[in-house]
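Good morning, colleagues. Please turn to the model on the screen, and I shall take you through its salt bridges.

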Amino acid sequence: MIADGAAESNLTESNQSKTEIISAVLAKLNDPSITVQRQAVKTLSVLCLEQTLDQLKILFKTTDDKQLKNLSLAAVRRIEIESQKRKAGQIEWNLAEYVFSVSDFVDYINALLGQEIVKIKGEASDISIFREQIVFFSLKDADSTVNCWFPKNYQFQWGVELQEGVEIIVKVKPQLSPKSGRFGLRVLEMSLSGEGSLRRALSKLKHQLESEGLFDESRKRPLPFLPRNVGLITGENSAAYSDFIKVLQARIGGINIYFAPVRVQGAGSIAEICGALQYFNNNNRVDLIVLTRGGGSLEDLQSFNSEEVARAVFSSAIPIVAAVGHEKDWSLSELAADLRASTPSNAAELIAPHRQELMRSVNIWLGLCRQYFSQFMRAKQQAVFNQVNIINNVFKQRIAYHHNLLNSLKIYFDNFTRAYVQKQEAVEAMRAGLLSNFGKYCNLKKQAYESLYKLVLSYSPRHVLKRGYSVVKLGEKIVKSSRQVKSGDEIVVWPWEGKIKAQISNVKSTI
């Protein structure tokens, strides 16, 4: 009993002493000296007392000293790990007595570090690519440098073009390489940090896309008037969505909205925005696409300034209205779109007129149509009247002309008839005189012919032969002289009638 009492007394004294030490160390957290505060945090980290977590978290939130902030964060993390081990009933041992092999130690360190996923901000440098697959680079600030790496294709998902000197924020998991023993950080996410770095990267990308013609005004298409179906791409339950729908419904009804909810910033937002644009283009269900989100910092608008989204907007077969941020904010997706709106509400105003404005425009156009139609009808009536007058005058002139022509023809016909009668009488007289003269002429010619006939007939050889003469032929020749024949020749004598054959017995010349 005495021994147990002594032990209990010693335990109570030990607990009191430990409580006093803790109180003393916690009191040092409020010491004006930063060095004292740092040492107090290191002591609490070694003690691993759960009751000190709140004080360490308060110190982390309130201190301006970076080293003290990091020490507080490390102490909180160590106390939490030890607390989890105790709650899990793990057996405590003295790790300092355990001997690791090199491989076991690397596995042990990676098992511990693999649970720690943190974000680090720094400047990228010493960028290299191993076998076109792994990107290695250094992340540094003014005092320190850490080595980082990630698969190359991840960079396009993050929408960040890694360059020398660019300030970035990376979400990393620490690792120790088994082969080289080199400590490095596996990059899980990456984003640009700092207005200057973002603007430099944005300016470079803008110049590149502009040189390729993505922002040319000549390729921008006019929006369809009163589109029936509109595809809306923005954040789900966002102010941009509610503002757009509210303004559009207040202006005009009857427009079908096909909503594609996407993340508008952060990891995966670029892929979702490009996927929504491709979805609307593949389905071809909408006449117009509205890409919008509310305002934000340059970091918040990184997805809409990415090369992937800008090219997806440029490649869309459907006209796009982009409204990203506020009036002063301009994104690359807006420059590539067919029309830029300053806000989501302004996008609704640009794609659809107000019903009252539309009615006023319709009434104005109807009035102008009535006015122009009345003027047109009056002008046409006057033109028709003028043409009728012209045709009437022409017909009158034609009728008068043909009337005069008929009168002239009647006169000509009467004159022709009289001339014909006169000519006919003259022809009859000439015919009668011609017949009388021709009869006399024929009688005279007949008498002359008969005289000539009698004369010719008197000279005819046969008429001479009739008076007692004959024709003598020797063969085919007519004998005209006694010298043409000789005794013994046979001759033919042709008297007026008949034929006589004879033979010459004696020839006697008259000379």
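I begin with Glu-428 and Arg-431, whose side chains form a salt bridge at 3.1 Å, N to O; by salt bridge I mean a side-chain nitrogen of Lys or Arg within 4 Å of a carboxyl oxygen of Asp or Glu. The two residues are 3 apart in helix H13 (residues 355-458), and so separated by about one helical turn. Helices (H or I, at least four residues) and strands (E, at least two) are DSSP runs, numbered from the N terminus. Glu-428 is partly exposed at 40% relative accessibility, and Arg-431 is partly exposed at 46%. Here buried means under 20% relative accessible area, exposed over 50%, and partly exposed in between, with a 1.4 Å probe and protein chains only.

A word on the source: this is a predicted model, in which local features need pLDDT of at least 70 and side-chain atom pairs count only at pLDDT 80 or more, while totals for chains, interfaces and linings use all residues. Residues are numbered from 1 along each chain as its sequence is written, and side-chain values use heavy atoms, leaving out hydrogens and water.

The whole structure holds 9 salt bridges. One of them joins Arg-311 to Glu-212 at 2.8 Å, N to O. Arg-311 lies in helix H10 (residues 307-315) and Glu-212 in the loop between helix H7 (195-211) and strand E6 (229-234), so the pair ties together parts that are 99 residues apart in sequence. Both residues also belong to a salt-bridge network with Glu-307.
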